[in-house]
Amino acid sequence: MVTCNFAGRKERCVMAVTGIFSSLGRLSVDGFGGFDDMSGVPGFEGNQSGFFSGFNEFGAMGAFVQIVIAIVFLVVAGGIVYAIFSSVRTWSSNNAAAVLTLHSRVVTKRTEVSGGSGDSSATTMYYATFEFDNGERVELNVGGQMYGMLVEQDRGMLTYQGTRFKHFERDIQPQSGQTETRSGQFYM
């Protein structure tokens, strides 16, 4: 039993608080001495009391942070889904494309290096641009070994399917001591 000293009189605190606020309606006390629902008390409309009275702004900030995290998650997940669908679309269009073998010339070669910062390893992609006899060009991803064997201005038969490089067979070049005939064939 707890007693309080009000103007020199000792009374029960619970009874005093209950008696004072009993005419205001049903009130409940939170764990920090403030009242949970003060909306019916004149002068306390919308105000809160107690230890957590200033944390309403943090509640709004917490909701804002949750919304930002959800948006970032959706953007990342959307990017992953887009990359998957884009890869599947490219793969299926390459499968549907005809395998073509056309006479072409190697115009240029280039590499693209990604990663390699810090302790991570680097990845190198090799590309070659081929120009067909009609002037059209196509850039294809070639393997490292084929990239090393290709020389700019090489002429030959390019076999590809959509955006997939299949094979490049270089035209036979005249060797020293060989001469070329009018039909384009070489002999010794």
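This note covers the aromatic pairs and the charges over rings in a predicted model.

1. Ground rules. Local features need pLDDT of at least 70 and side-chain atom pairs count only at pLDDT 80 or more, while totals for chains, interfaces and linings use all residues. Residues are numbered from 1 along each chain as its sequence is written, and side-chain values use heavy atoms, with hydrogens and water left out.

2. Aromatic pairs. The structure holds 4 of them. Rings of Phe, Tyr and Trp (its six-membered ring) pair if their centres lie within 6.5 Å; planes under 30 degrees apart are stacked, over 60 edge-to-face, the rest tilted.

3. Phe130 and Phe168. Their ring centres are 5.5 Å apart and their planes at 35°, so this pair is tilted. Phe130 lies in strand β4 (residues 122–132) and Phe168 in strand β7 (residues 164–170), so the pair ties together parts 38 residues apart in sequence. Strands are DSSP runs (E, at least two residues), numbered from the N terminus. Phe130 has 0% relative accessibility and counts as buried (under 20% relative accessible area, 1.4 Å probe, protein chains only). Phe168 is buried too, at 6%. Phe130, Phe165 and Phe168 form one aromatic cluster.

4. Phe132 and Tyr160. The centres lie 5.7 Å apart with planes at 20°, so this pair is stacked. Phe132 is in strand β4 and Tyr160 in strand β6 (residues 155–161), 28 residues apart. Both residues are buried.

5. Charges over rings. The test is NZ of Lys or CZ of Arg within 6 Å of the ring centre and within 35 degrees of the ring normal. Lys109 lies over the face of Tyr147, 4.3 Å from the ring centre. The charged end of Arg110 sits over the ring of Tyr127, 4.3 Å from its centre.

Notes: Helix = DSSP H or I, 4+ residues; strand = E, 2+ residues; numbered from the N terminus. Buried < 20%, exposed > 50% of the residue type's maximum accessible area, 1.4 Å probe, protein only.
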